[in-house]
Amino acid sequence: MSEMHVPLDQDTEDNGINIKDEILRYLKFWKWFVLAAIIGVLVAFLYLRFTPETYKSFSKIKILDESSDLELSTGKSGGLFSETKNLDNEIQVIRSKRLLSKVVDSLDLHIRYYFEGKFKQQEAWNPPFKFVSVLPKESVKWGTYYVEVLQDGFKIRRGDAIETEFITKGYNVNNPQKDFPFIITSSPSIKRYVNFFFRVDVQPISAAAASLSNQIGITRVGATDILQLNLVGESRERSEAVLNKVMEQFNLDGVEDRQLVFQRTIDFVDERFVFLAEELDSIEVDKKEFQQNNNMVSFGADVGYSMTKKASTESAVFDIENQIALSKLLINTLAEDNLGTLLPQSIGLDNASANGLIDSYNTVVLEREALITSAGDNNPKVIALNEHLEELRSNLNKSLSTYQRQLDVSLSRLKQEESNAVGLFKSMPQKEKILRSIERQQNLKENLYLLLLQKREEAAINLAITAPSIKIVEYAASSGRPVSPDRNGIYIKSLLGALIIPFGVIFLLFKLDTKIHDKSDVTKATKSIPIAGEIPKLIGEQDKLFTNPHDRTMLAESFRILSTNLNYVLPAKNQNDKAQVIYVTSSIKGEGKTFVSVNLALAYSSISKRVLLIGADLRNPKIKVTGQQKHVKGLSDVLYNNLDWRTVLQDSEYNKQYLDVLIAGTIPPNPAELLSNGKLKAIIEDAKDEYDYIIIDTAPVVPVTDTLLISQYADATIYVVRAGYTEKKLLGFSKEIYSHKKLNNMVYVVNDISEAKSSRGYGYNYGYGYGYNNDSTIKKYTWTWFKEGIKNKLRNL
């Protein structure tokens, strides 16, 4: 028979995850997943059954720019009423408790009514009755009332306190009971609601406004000036009414704000008019008194008069001074003692008497000169003319002196007038400054008076034609389908959540489970060591020995397969056709190595092969198939006392012809020394000539070294691991033994595998059940293995 070649120095382990295997691992628990899915769907159904549906309502408004409406404005860059809109500011105004309190108050949103059904409650926007508070709305407190509509009134209870229950007479209650500060108004259709139950929740207006502020959603539509208002609630009618009222109140609030500004402007101007009129009167009186006190008619006329006066006095002074000079010239001329000298005539002297005397004097002088020329100086006429000239000179001198005195007086008076004219002229700038200051104040007050009068008219017009603050793009409307609860989403989430629970539990069981359960667990740990067979789990009272050579049980088939697979591991027989030695060992006690040893021996003997079964586990012997007493001689006695091994052989009670048994015998104090003294090798060599197979049940390799001391005598070594019992970490120890070649031709046998633990798509129903004619037997074993698998999972956890 060909040899099974397996590389001894290379481990081809692949730690990757096999998706198919993982899925099949979980699919073994499909009933739990189905049960969880049913529970999840049921929970979702009950949740949807008892949860009220909510709808989304929305409306759209556009914030109008006040600078572009019908109101009068002085311009965007400094007008009295110009304003730049900020959408964020407007959103905060809409959300403000001040504005929403008005909405709550106008719609009585602080009192909510609910139908009390058998499974859930539903909000009623237009209930058949309404509570009207008899206290100021600011004094309304928290409270819950349960109302039952009776045939002739209401049964009302405050909260859960039975002692607060009372019954009203009639459906319109105007005399409230103690601790019930409401009157009740009912609609004509109240009779239709007899035996209906309602719940009425009352809260302060401020609390209702705060709640509404949190519930209402405001978003900007793209990059436009349009705002969308959203509200989610159980009653679509209520949500739509609230949104419409919010838009109305926001618009009214903006209009009232601007009208308040205009009205205050008018009131301010009216108040200012009184003060401006008084100030104007005071300024005009001051101007009048100033003009009267300064003899001013008008500034221009007074300036012309003062200039003319100054010029005329200067001219008069010049003329008088000129006359004085002329008169002094004549007086000086008269002072000369020369009667023959003519006096200046027509020199501009403005004195008729003096000018006449000068003319007379000059005439006499000319006459005297003419007479002197003809008659001489002593002529009596000349002498008489001299006397006459002297008299004229005296009169002229007196006349000039008198004239000069008159001129001095006139000059003095003119000098005074000139000084007055000059003083008047010099005072004109100061008077002009004072007058201009008075007139400036007057003009300023007049202009302010006119400006305020203009603004008053503008404010009055704006007050009369105030435009709306917003434009309603869309009135409130509601979605046709409820937004909550999301039926599909709830079912999906509930289903997923329900499936996650068994998945998590099973995943946790897998993670906490440190045992191997099938050959896939062994394969994952090490792929370099072949698996020669899988032994099924024995159920109930099922026979644990392969006793009947013609047995068709799964146990028999599994050992037939194991014996066949071992032929590929064992080396080819030599020409002497000697027996092949098979060791059966395990990591620790309890993994079923003795069970495998005995049944493997029975399997070989069932096909007429001479088999020697040796119990080499001297510390804990377990082979009990001979029917003999426990304390009989065996291998330990042969090794210690040098007995012939053939004398202590025991005949098997199941197959006496082909199977001999050499039990362990007396438990020695030094098993390791006995096994390593070389006598076991001699026994094996002798037995090879008489048997086809020698199967040796050895001790576990982890707690003791007995097996490793005699491992060189084996042609093949079966390393037994037990499903649900062997720790996965122990596979590392067996892998190390294999890699260091401490055991010859080592192969795994996975013992105690149940159908429930098979991670493949096939199992013992096909592999070991082939040939069964009764399908019910297969089903019986399959269901039993499933139950046992669940028990083992729980037991391991």
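Me: Buried means under 20% relative accessible area, exposed over 50% and partly exposed in between, with a 1.4 Å probe and protein chains only. What share of the 797 residues in the protein chain do buried residues make up?
Reply: This is a predicted model, in which local features need pLDDT of at least 70 and side-chain atom pairs count only at pLDDT 80 or more, while totals for chains, interfaces and linings use all residues. Residues are numbered from 1 along each chain as its sequence is written, and side-chain values use heavy atoms, with hydrogens and water left out. Of the 797 residues in the protein chain, the buried share is 44%.

Me: How many helices and strands does the protein chain have?
Reply: Helices (H or I, at least four residues) and strands (E, at least two) are DSSP runs, numbered from the N terminus. The secondary structure of the protein chain comes to 20 helices and 20 strands.

Me: How many salt bridges does a search of the whole structure find?
Reply: A salt bridge is a side-chain nitrogen of Lys or Arg within 4 Å of a carboxyl oxygen of Asp or Glu. Arg98, Lys102 and Asp253 are linked in a network of such bridges. For the whole structure, the search gives 21.

Me: Asp697 forms a salt bridge with Lys593. How many residues apart in sequence are the parts that this pair ties together?
Reply: The closest N and O atoms of Asp697 and Lys593 are 3.1 Å apart. Asp697 is buried at 1% relative accessible area, and Lys593 is buried at 6%. Because Asp697 lies in strand E18 (residues 693-697) and Lys593 in helix H13 (residues 593-605), the parts joined are separated in sequence by 104 residues.

Me: Is Glu690 buried, partly exposed or exposed?
Reply: Glu690 and Arg646 meet in a salt bridge, N to O at 2.7 Å. Glu690 is in the loop between helix H16 (679-688) and E18, and Arg646 is in the loop between helix H14 (635-641) and strand E16 (650-651), 44 residues apart. Arg646 has 36% relative accessibility; Glu690 has 35% and therefore counts as partly exposed.

Me: Which strand holds Asp752, the salt-bridge partner of Arg722?
Reply: The Arg722 and Asp752 side chains meet at 3.2 Å, N to O. Arg722 is partly exposed at 27% relative accessibility, whereas Asp752 is buried at 11%. Arg722 lies in strand E19 (residues 716-722), and the pair ties together parts 30 residues apart in sequence because Asp752 lies in strand E20.

Me: Which residue of E9 stands opposite Gly143?
Reply: Two strands pair if DSSP finds at least two bridges between them. Six strands form an open sheet in the order E3-E2-E9-E5-E6-E7, with antiparallel pairing; its edge strands, E3 (121-124) and E7 (166-167), each pair on one side only. Strand E5 (residues 143-149) and strand E9 (residues 197-202) pair over six bridges. Opposite Gly143 stands Val202.

Me: How much accessible area does the nonpolar patch of Leu42, Phe45, Leu46, Phe50 and Phe119 have together?
Reply: Patches are made of residues with over 30% relative accessible area and no salt bridge; like charges are joined within 9 Å, nonpolar side chains (Val, Leu, Ile, Met, Phe, Trp, Tyr) within 5 Å. Accessible areas come from the Shrake-Rupley method with a 1.4 Å probe, and for residues only the protein chains shown count as cover. Phe50, in helix H2 (residues 30-50), is partly exposed at 41%. Together the five named residues of the patch have about 480 Å².
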